Amino acid sequence: MIPSLRRHRLAAAASLMLLACAAQAQTSDPAAPKSPAPIIERPAPSRPGTRPATVPAAAAKPASEPDARPSALTSELFYEILMGEMTARSGDPGSGYALVLDAARRLRDGKLFQRAVEIALQSRSGDAALAASRAWQETLPNSRDARRIELQILIALNRIGETVEPLRAEIAATPQIEKPMLMAVITRNYSRASDKKQAASVVEQALVDELKSPATGALAWATVGRMRLNAGDTSGALDAAFKGQQIDPASDAPAALALEMIDPGQPLAEPIVTRYLANNPKAPPDLRIAYARVLVENRRYADSTAQLQALTAARPELAEPWLLLGSLQAQARQDAAAETSLKRYIDLSANQKDPDDRQRGTTQAYLVLSQLAERRKDFTAAERWLARVDSADELVVAQTRRAGLLARQGKLPQARELVRGLPERTPEDKKQKFLAEVQLLRDAKQYQAAYDMLTQASAAAPNDSDLVYDQAMVAEKLNRLDEMERLLRRLIELKPENQNAYNALGYSFADRKIRLDEARTLIQKAVQLAPEDPFIADSLGWVEFRLGNTTEAIRILEAAYKTRPDPEIGAHFGEVLWATGQKDRAVTIWKEALLSDAENETLQETLKRLRVKP
């Protein structure tokens, strides 16, 4: 910072001013929130012996400024720079800008050109900043800094069409090893353009030579594809990823782009990812982990588990895959395998560099391990795992789990009191406390008390879809089936895209063997909204069974049980097998389900009704 100038300290202040100008000026964010001027990305210093990351933080270090030479600074120029800075800081940035720019031209000094740009940006004059960057290029034609800044200013001013040639020149001047870094910067900068389609077109024009090159084609097409994706052109982005992979099947860039587009509505995206992973055993672990996460988001738990098992076998020293794998195994009720994976993660978590990631990961592992201990009714071990949670962000979750442990041991009043004592920092905290207490009552089969709480809360917030759904489910437990139906239809009005409402109502009809055609229609709507949900598939299989379509029911239920071997799905699958005479297979399924959860109500009711003791 420049200290305040006083007449009797002018000489000392001038010396400080000169130092400030001769060095690269340090400023806060040069683009105000409402300014058309951009944030200038400064080059990051490189480290010897390292290669650039795929997605770097800044552009490459320029190598085109003039070599050091004897200073041409005269007393006149010194005074001009000093007056320019003083004028700019005293409320007349236009005059200050002109003085500094003139000195920059006369001295041929890139740092002074940079300072002129900054003064223009601080005064929110994008046109003046652009003029300074172009004067910089005219004076120092080989300056890559000047060209980069011109590009960013043009983008911020929405003059995208003028960037083709300077961008092409910057690409041509960039060494091959720095191309991945440059492509990431291009994507980031052009994503700020208001006209995304024009930005995508301009980038493709500038990359025309790179797109044809075997060395850079995959990366260039991935960059074009990302720009198309930003512009909403998903099919164009997919085509770019495909072309990039054709040029270089070993490049991870097209696969990373395709990964972002995996969706039931884009069936051609996933094969690009799977081809890359199949043909590149040493693919970056981060990409396979990201693929596993996408599969989870699409409820493809078995496929995600397979990816993580392959990764943990190939790279057993990596911590994160073990955490994800253990969580999926716990969800699939593969408790012994889940415990092994999670403990392996805890052992390896000390190697994670980011302390926040490490804390989040270990907290998740402790919570899941506590859940596993609770399943086998080892409440002491469950409490020990919870006691290791020291994250303030997860305090409510840990305390809620403790309340659940108390309730399962017959200490429901203490459990409710523990939940009520949790902090309420936000309205959402208050709601979560309320729902946690309701769940305690439901788990303890005190359905009337839970229903009364929900009724009172719903009266205060009649449009809260969570409350409506929970109240409907408790009404079903109380055999108030008309009330359940009314509430679920109300939920469908509030949230027409809520698959759980359609599924719950359709399943209720199917389970009671009433209005079966309507039940199937409701459940099929739920399948459309969540095609990968195994519990909704279970409902569809069950209604097909009720309709007498046993072959179709077995097909659907077998696939659902394979995806998610839940005891309730197992109960239905086993009953359909039993009804078709496949009694040995049915007993095998039920035995597996009992090992997962011997107390499951649907499973116990099925075995009791059919008089089977597996």
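Reply: Let us begin with handedness: a crossing is left-handed if the near helix is turned anticlockwise from the far one by less than a right angle, and right-handed if clockwise. Helices (H or I, at least four residues) and strands (E, at least two) are DSSP runs, numbered from the N terminus. In this predicted model, the crossing of H16 and H17 is left-handed. The model is a prediction in which local features need pLDDT of at least 70 and side-chain atom pairs count only at pLDDT 80 or more, while totals for chains, interfaces and linings use all residues. Residues are numbered from 1 along each chain as its sequence is written, and side-chain values use heavy atoms, with hydrogens and water left out.

Me: At what angle do H16 and H17 pack?

Reply: Axes are lines fitted to C-alpha atoms, for helices over the stretch in contact, and angles run from 0 to 180 degrees between N-to-C directions. Helix H16 (residues 301–314) and H17 pack at about 145 degrees, with their axes 9 Å apart. Contact means heavy atoms within 4.5 Å. Among the residues making this contact are Tyr301 and Leu308 of H16, and Trp322 and Leu325 of H17. As to residue classes, Ala, Val, Leu, Ile, Met, Phe, Trp, Tyr, Cys and Pro count as nonpolar, Asp, Glu, Lys and Arg as charged, and the others, Gly among them, as polar. The contact of H16 with H17 has eight nonpolar, six polar and no charged residues.

Me: How are H27 and H28 oriented relative to each other?

Reply: Angles under 35 degrees count as roughly parallel, over 145 as roughly antiparallel, 65 to 115 as roughly perpendicular and the rest as oblique. The axes of H27 and helix H28 (residues 516–529) cross at roughly 155 degrees and come within 8 Å. H27 is therefore roughly antiparallel to H28. Their crossing is left-handed. The residues meeting there include Tyr502 and Phe509 in H27, and Leu522 and Ile523 in H28. Eleven nonpolar, three polar and two charged residues make up the contact of H27 with H28.

Me: How many salt bridges does a search of the whole structure find?

Reply: A salt bridge is a side-chain nitrogen of Lys or Arg within 4 Å of a carboxyl oxygen of Asp or Glu. The search finds 48. One of the pairs is arginine 148 with glutamate 170, whose closest N and O atoms are 3.3 Å apart. Arginine 148 belongs to helix H6 (residues 144–156) and glutamate 170 to helix H7 (residues 164–173), so the pair ties together parts 22 residues apart in sequence. A network of salt bridges also links Asp127, Arg134, Glu150, Arg159 and Glu162.

Me: Is arginine 148 buried or exposed?

Reply: Buried means under 20% relative accessible area, exposed over 50%, and partly exposed in between (1.4 Å probe, protein chains only). Arginine 148 counts as buried because its relative accessibility is 8%. Glutamate 170 is buried as well, at 2%.

Me: Which salt bridge does aspartate 511 form?

Reply: Aspartate 511 meets arginine 546 in a salt bridge (3.8 Å, N to O). Aspartate 511 lies in helix H27 (residues 499–511) and arginine 546 in helix H29 (residues 534–546), so this pair ties together parts that are 35 residues apart in sequence. Aspartate 511 is partly exposed, at 35%, whereas arginine 546 counts as buried, at 19%.
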